[in-house]
Amino acid sequence: MRAYDVVVVGGGPRAVSVVERLAARHPDGAPPVRVAVLDRVEVGAGATWRTDQSPLLLNNTYSAHTTIYPDASTPMTGPVTPGPDLLTWARESTPPPDRPAWVAAEAAALRPWSYPSRRIQGVYYREQLARAEATGRVRVTRVLGTATGLERTGDADGARTVLLADGGTLTGRFVILAQGMVQARRSARERALVAAAERDGLVYIEPGMPAERDWGRVPAGESVLVTGLGANFFDVVALLTEGRGGHFEPAGDPARPARLRYVPGGREPHLVAGSRRGLPYRSKAAYPQGFPPRYEPRLATREWFERIAAVPGQDFRRDVWPQLAREFAWAHLSTLLAHRPRALVAGAAEADLLAALRAAPDDTAVDAVVAGAVADERWALSVTRLDRPRGAGPVDPGTWRRWVREHVEDELDAMHAPLTHPRNTVNRAMAAVRGPVRRLVTRGALDGRSVARDIDGWFTALGLALASGPPPHRTAQVLALIDAGVLDLLGEDTTVTHEDGAFTGRSAVRRDAPVRARAFVETRMSKGIVTDTDDPLLAGLLRAGRARLHHWPSDYGPPPTSGTLDVTPDGFHLLDAAGVADERVVVLGIPAEAVQPGSAIGATPGTPSPLLAGADRAAAQVLAVVREAGAEPVG
């Protein structure tokens, strides 16, 4: 039996941060902390940042916004230790012998505002793990495998043993569960589609991480149905077009320099894609200084959120959303006032518009304020359709094609005018308010029923669609594919079923005939919830009562579940079905994100990081156990 001070399950950035925090906290000259880091794909990078994936799979945050080292902005008790962020590492690090040859070219191309490939970010994480180990304060054992169980050893020192799928074990005084974005097991619907595809000779690519799917199965030259227009969609489109020999070149449009032309490679499919929204995630913009300016709310201000946070058990739709809707409308109108005043009716003034918005009691009234102020229909806005096509449909094929054309032109205009297009301001407004909204949840200001129905039900998805969009050049590529006829949008509320030996796609918008295809791709991302996870360790802990789900308190019936694990609010210790904490097991990040808001987000220099703060807290507990036990081995 191999013995460790701590076993970390999950080998991505949270594991790297834990090891870095152990090294930062542990004194020189003391015996090194013995750490086992277990990952099913790659220790140091994890599944999301695995270094063997395609360079076409990109991060959707800036190169300058990635680090593994805390600074004074992150509240924690451990020391602030210097270390390179991703960009500094790319420019200044000395290549170790095992660095892949391709890293040099990608690193040289990085700029603060560029979007790195996921694989180069994985190399960064992997090398920071080695950097922490080089301090001599930690000794890391890297283990490839899958954790299937967690047991108490029964020894007096309270050790825990992690069981592995291959029959091995890892025993440590402490265990940290840091699995990251756990994936979902197949649903009954997905199992039925897999069986139907096998029976009828069809191709079905089920939801999951794009790096883990076989895209060679998707037929060239045929119509392929696609559902999901979020982050994974842009990855899949890149793999099936640019990844098959196609390329993009400037289209020579002087009015819209961002417009591209797609030159086919000859092996791409014809993609027919839809989703509940009917539109892809809104693009990020390329700002003149590289980074977007901070949006300062005028209505949903910090002071307003503080007042709301002081009242427990509110309803998000009734008590919070109307103010957010007013803020989004103001973001739109204020940009028109400043940069496109002729788009507004004569005499439109800031004070009058703010007063009208403040008096608007609901979405309909907010929309009426916007409609009364906007003279040019092109700049119309509905706060209920921020992430959807302009109209609800259904419409005839010609009208739908016109709507799609307007969407393409408007996205290109927004990319070309990052500071003066109101869509970008609305997106920045969403980025500014969604964090405070999540803090309302953790402070108990929202009733659990409303959290489940509204925050988890639709607001989080709206925030992702507006504020977590793809790099602008990725959107430009998707728009070029629409121009080229390689990609067709199927519309809002798309459904795909298996009928009469084929897949059939329909939407609530288009009145034309359903689309039939031999291949169907689902690009949905995992939500990271553990109620239906394929992670055998987490699923087993729940079945055995060694873990329980976190619930939101509600005055309107049984408390709804967050879909994540329940942990103690301070130490993040795993709670069992009876609410008893296991003080030797800590859960970090996404599987317990409801108690650790923001921990799903990577760390950015100069910005408070729940991910790094959680790692520091876990490292402090590990070292307390190590000091208490002295140098006696486990097992």
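I count two strands as paired if DSSP finds at least two bridges between them. The model I am reading is predicted.

**Entry 1: around β5**

I started with the link from β5 to strand β6, residues 169–177. I found 4 bridges joining them, and the two run antiparallel. One facing pair I noted is leucine 163 opposite threonine 169 in β6.

I then looked at the turn. The hairpin of β5 and β6 has 4 residues between the strands. Within this hairpin, glycine 167 takes a positive phi near 95°.

Next I checked the link with strand β4, residues 147–152. Here 5 bridges join β4 to β5, again running antiparallel. Glycine 149 is the residue opposite leucine 163 on this side.

**Entry 2: aromatic rings**

A pair of aromatic rings is described by the distance of the centres and the angle of the planes. I got a count of 18 aromatic pairs.

I picked out tyrosine 204 and phenylalanine 503. Their centres are 6.4 Å apart, with 45° between the planes, and the pair is tilted. Where do the two residues sit? Tyrosine 204 is in strand β7 (residues 203–205), and phenylalanine 503 is in strand β14 (residues 502–506). They are 299 residues apart, and the pair links distant parts of the chain. Both tyrosine 204 and phenylalanine 503 are buried.

I followed phenylalanine 503 to another ring, phenylalanine 520. Why is this pair called tilted? The ring centres are 5.5 Å apart and the planes meet at 55°; stacked needs under 30 degrees and edge-to-face over 60, so tilted is what remains. Phenylalanine 520 lies in strand β16 (residues 519–522) and phenylalanine 503 in β14, so this pair ties together parts 17 residues apart in sequence.

I also checked cover for these two. Phenylalanine 503 has a relative accessible area of 0% and is buried. Phenylalanine 520 also counts as buried, at 0% relative accessibility.

Elsewhere I found a cluster linked by ring pairs: Phe316, Trp321, Phe328, Trp458 and Phe459.

**Entry 3: arginines over rings**

I noted arginine 119 over the face of tryptophan 102, at 3.7 Å from the ring centre. Arginine 449 lies over the face of tyrosine 556, at 4.3 Å from the ring centre.

**Entry 4: the sheet with β14**

I went back to β14 for its sheet. It is an open sheet of 3 strands in the order β13-β14-β15, with antiparallel pairing. Which strands form the edges? They are β13 (495–499) and β15 (515–517), each pairing on one side only. The twist averages 30° from one strand to the next.

I counted 3 bridges between β14 and β15. Phenylalanine 503 stands opposite alanine 517 in β15. Helix α5, residues 188–200, lies across β13 and β14 and runs at about 45° to β13.

**Entry 5: the parallel sheet**

The other sheet I looked up is open, has 5 strands and pairs in parallel. Its order is β7-β16-β8-β11-β12. The edges are β7 and β12 (487–492). The twist here averages 15° from one strand to the next.

Inside this sheet I checked β8 (residues 223–227) against β11 (residues 270–275), and 5 bridges join them. Valine 224 faces leucine 271 in β11. Helix α6, residues 231–240, lies across β8, β11, β12 and β16. It runs at about 175° to β11.

How values were computed
Residues numbered from 1 in each chain as written. Predicted model: local features only at pLDDT ≥ 70, side-chain atom pairs only at ≥ 80, totals over all residues. Heavy atoms only, no water. Phe/Tyr/Trp six-rings, centres within 6.5 Å; stacked < 30°, edge-to-face > 60°. Buried < 20%, exposed > 50% of the residue type's maximum accessible area, 1.4 Å probe, protein only. Lys NZ or Arg CZ within 6 Å of the ring centre and 35° of its normal. Axes fitted to C-alpha atoms, helices over the stretch in contact; angles between N-to-C directions. Contact = heavy atoms within 4.5 Å.
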